[in-house]
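Dear colleague,

I am passing on the structure that follows, together with some notes on what turned up in it. Please read the notes with the model open beside you.

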Amino acid sequence: TIRNSLWGITMFGGDTVMHNITIHNADYVAIDLFDFASPRIYDLIIQDGGQDLHPGSYTWRYGIGISVGNHSAPIIENVVIDNLITRGVNFWKGSGGIYRNMSISNISGAIQAIPTGIWMMDSIALFDGLLIDKCDNGIWVRHFDDSLITRAVVRDAEILNSVMYGVKIDKYDPMNYTNYVSAEFERLVVKGTGGPNATTQGQAVAAIEVNTNTSKMELTIPS
């Protein structure tokens, strides 16, 4: 158990195996992966993060549960992430991995970055068994760099009670019309966006929005 730290666990490369990790109230990032890091992490709890710095942080990069960057690709199973300011899981620069049985809730409040349960940019990852509840945004897939591929693959997911978007798929440059599938969803349920159980009611933009991009969705229920 790690409590009240600035960062929780940071890895530059490596393939460590970890079990039964609890990180409570890390200010910046609870699990921070760089440089082809590929750990296997089982039974992870991340509770609270970023509140001690909000809203006066000098950087947007605080209140993040798991950040996967610079070609990292972990395997993470059985995860609970709750009550963070900016992101539950944050992907950047050609990263990926496999994530099974993940619950993300109450990601809300960031003002220097888009607060969302999962943010995926220029990365490829598989989620199998996912619950996102009461986040400002559920899943946001954004393509930025045409030298990298962006593709989220999400199976058996529920996204509930988001404030603004349940799922948004877009590009940083809305005039970039290069086209391929950036996200695939199988058995997706999106419910309650902007509804009475959201953190703030009445601010919904869309349950699912695809903008200047392409997505494949099978057995999807938006509401």
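With which residue does Arg187 form a salt bridge, and how far apart are the closest N and O atoms? The partner is Asp156, and the closest N and O atoms are 2.5 Å apart; a salt bridge here is a side-chain nitrogen of Lys or Arg within 4 Å of a carboxyl oxygen of Asp or Glu. Before going further, please keep in mind that this is a predicted model, in which local features need pLDDT of at least 70 and side-chain atom pairs count only at pLDDT 80 or more, while totals for chains, interfaces and linings use all residues. Residues are numbered from 1 along each chain as its sequence is written, and side-chain values use heavy atoms, with hydrogens and water left out.

Salt bridges

Strands (E, at least two residues) are DSSP runs, numbered from the N terminus. Both side chains are partly exposed, Arg187 with a relative accessibility of 37% and Asp156 with 35%, where buried means under 20% relative accessible area, exposed over 50%, and partly exposed in between (1.4 Å probe, protein chains only). Arg187 also forms a salt bridge with Glu186, the closest N and O atoms being 3.8 Å apart, and Glu186 is likewise partly exposed, at 25%. Elsewhere, Glu218 and Lys216 meet through their side chains in a salt bridge of 3.5 Å, N to O; Glu218 is partly exposed at 37%, as is Lys216 at 43%. Through shared partners, salt bridges join Asp156, Glu186 and Arg187 into one network. By the rule given above, the count of salt bridges comes to eight.

The open sheet

Eight strands form an open sheet with parallel pairing, in the order E2-E4-E6-E8-E10-E12-E14-E16; two strands pair if DSSP finds at least two bridges between them. The edges are strand E2 (9-12) and strand E16 (206-210), each of which pairs on one side only. From one strand to the next the twist averages 5°, with axes taken as lines fitted to C-alpha atoms and angles running from 0 to 180 degrees between N-to-C directions. Within this sheet, strand E4 (residues 29-34) and strand E6 (residues 64-69) run parallel and are joined by four bridges, and Leu33 stands opposite Val68 in E6.

Thr86 sits in the loop between strand E7 (75-84) and strand E8 (87-92), and Thr86 is buried, with a relative accessible area of 0%. A polar atom of the Thr86 side chain lies 2.7 Å from the backbone oxygen of Tyr62. Leaving aside neighbours within four places in sequence, Thr86 is in contact (heavy atoms within 4.5 Å) with residues including Trp60, Tyr62, Ile107 and Ala113.

Ala113, in turn, is placed in the loop between strand E9 (98-107) and strand E10 (116-121), and counts as buried at 17%. Not counting residues up to four places away in sequence, Ala113 touches Trp60, Thr86 and Arg87. Ala113 and Tyr62 are 51 residues apart in sequence, and their C-alpha atoms are 9.7 Å apart in space.

Technical notes
A polar contact is a pair of N or O atoms within 3.5 Å; within protein, one must be able to donate a hydrogen and the other to accept it, and residues adjacent in sequence count only if both atoms are side-chain atoms.
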